[in-house]
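I opened the model to look up a few things about its fold. My notes follow.

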Amino acid sequence: MIVQLRIDERLIHGQITTAWSRFLDVSRIVVANDRLAKDELTTQTLLMSAPAGKKVAVRGIDATIKLLSDPRIDTVRVLVIVDNPKDAVTLVKALGIKEVNVANYVKKKSPNKVKVTTGVTSDAEDLVYFKELAKVAEHSFSQLIPSTPVEDFAGIVAKL
């Protein structure tokens, strides 16, 4: 089962390997990104960054949907990570993902960005996707690490 979809530009990093994978008790991590799925070097780096004992897959968006639509996925706990809100919306709609953590999204270079939460900024284009995500996800929130307070992402973007 998919226990959480996380938007995090850093993908697999220290917080994922030491905090989130343990907190969510996942056995699998799927990085969903069309560009990275075609980049063998980056894919290998992500696979090497995997937490001990966790299986990692790097797939394009369509391949992720196919992989996570398999009924056998219900027997394992999966964390899905994307690096942008557009891909998150696509996956939530296709897979019915209930938990979405909009955790870290600040690197995109564009004018007129606004601060959404502690770890999230948005331009006008991304804000459209963030608002749609808040509508289609059953529970959207922002939380950098498990020990920090949860911010109600849907409530925050509704005010923007």
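I call a residue buried under 20% relative accessible area, exposed over 50%, and partly exposed in between (1.4 Å probe, protein chains only). This is a predicted model, in which local features need pLDDT of at least 70, side-chain atom pairs count only at pLDDT 80 or more, and totals for chains, interfaces and linings use all residues. Residues are numbered from 1 along each chain as its sequence is written, and side-chain values use heavy atoms, with hydrogens and water left out.

Entry on Thr121. I find Thr121 in strand 7 (residues 120-122); strands (E, at least two residues) and helices (H or I, at least four) are DSSP runs, numbered from the N terminus. Thr121 has a relative accessible area of 18%, so I log it as buried. Its side chain makes a polar contact with that of Lys113, at 3.2 Å. By polar contact I mean a pair of N or O atoms within 3.5 Å; within protein, one must be able to donate a hydrogen and the other to accept it, and residues adjacent in sequence count only if both atoms are side-chain atoms.

Entry on helix 1. In helix 1 (residues 14-23) I list Ile16, Thr17, Trp20 and Ser21 as buried. These buried residues fall within an arc of 130° seen down the axis, so they line one face of the helix; the arc is that of the directions from the helix axis to the C-beta atoms. Arg22 and Phe23 are exposed, on the face turned away from the buried side. Just after helix 1, I note a positive phi of about 55° at Asp25.
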